[in-house]
Amino acid sequence: MANEHAPQNVMEEPGEIDRLYDRCSDLMRELLDGLALAADQPRAFPEIEDAIGWPRRRIASVLGGVSHLRHTEFGGRRPYHFHDPRNADSGRWEMWMDGAQARVARRAASLAKLARRVL
């Protein structure tokens with residue numbers, strides 16, 4: 001997508017996305033699941049929070065919480081894309097997963113649910 005913020009930090013490898021999904025917090029997994037439901041649709045944080053049923057500003061908190069993991073284990077890469085406010089239709093930070101990332105996240109969510117049933 002044109003004018004994406006820091007596109008060099010976007011994860012593309014399915015194994016890397018799987019590993020982050022496995023290692024991150026439950027809240028981060030909930031965010032990734034929510035992004036995967038609307039693949040290729042950049043949305044402002046409040047719109048995503050509404051869709052997930054979260055209070056305002058939770059996304060910022062969750063992203064801050066996963067920052068250390070992303071930087072120490074994944075070189076700062078992330079399984080989603082950003083538009084900064086200057087380049088976003090909404091004039092706010094927007095994020096989204098592309099179709100390939102969403103497929104990996106949905107598969108990881110399904111495997112995690114299956115693993116919980118087995119345990």
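**Ground rules.** I am working on a predicted model, where local features need pLDDT of at least 70, side-chain atom pairs count only at pLDDT 80 or more, and totals for chains, interfaces and linings use all residues. I number residues from 1 along each chain as its sequence is written, and side-chain values use heavy atoms, with hydrogens and water left out.

Entry 1: I looked up pockets on a 1 Å grid over the protein atoms alone; a pocket is an open set of points where a 1.4 Å probe fits, with protein on both sides within 12 Å along at least five of seven lines. Lining residues have an atom within 4 Å of a point. Points are joined across faces, edges and corners, and the volume is the space filled by probe spheres set on them. The largest pocket holds about 220 Å³. Its lining includes Asp18, Asp22, Asp26, Arg29, Glu30 and Asp33. Ala108, Ala109, Ala112, Lys113 and Arg116 also belong to that lining, as does Tyr21. Helices here are DSSP runs of H or I with at least four residues, strands are E runs of at least two, and both are numbered from the N terminus. H5 gives the most, with 5 residues.

Entry 2: Buried means under 20% relative accessible area, exposed over 50%, and partly exposed in between (1.4 Å probe, protein chains only). In H1, I note Glu16, Ile17, Leu20 and Tyr21 as buried. Down the axis of H1 they fall within an arc of 135 degrees, so they line one face of the helix. The arc is taken from the directions from the helix axis to the C-beta atoms. In H3 (residues 45–52), the buried residues are Phe45, Pro46, Ile48, Glu49 and Ile52. Their arc is 160 degrees, so they too line one face of the helix. What covers them? The cover includes H2, strand E1 (43–44), helix H4 (58–73), E2 and E3. Just after H3, Gly53 takes a positive phi of about 90 degrees.

**Entry 3: the sheet.** I find an open sheet of 3 strands, in the order E1-E3-E2, with antiparallel pairing. E1 and E2 stand at the edges with a single partner strand each, so one side of each has no neighbour in the sheet. Strands pair if DSSP finds at least two bridges between them. E1 and E3 pair over 2 bridges. Arg43 stands opposite Met95 in E3.

**Entry 4: single residues.** Asp84 sits in the loop between strand E2 (81–83) and strand E3 (94–96). Is Asp84 buried or exposed? It is buried, at 8% relative accessible area. Contact means heavy atoms within 4.5 Å. Not counting residues up to four places away in sequence, Asp84 touches His5, Arg92 and Trp93.

Val62 is in helix H4. Val62 is buried, with a relative accessible area of 8%. Leaving aside neighbours within four places in sequence, Val62 contacts Leu27, Met28, Leu31 and Trp54. Val62 and Asp26 are 36 residues apart in sequence and 9.8 Å apart, C-alpha to C-alpha.

Ala60 is also found in helix H4. Ala60 is partly exposed, at 47%.
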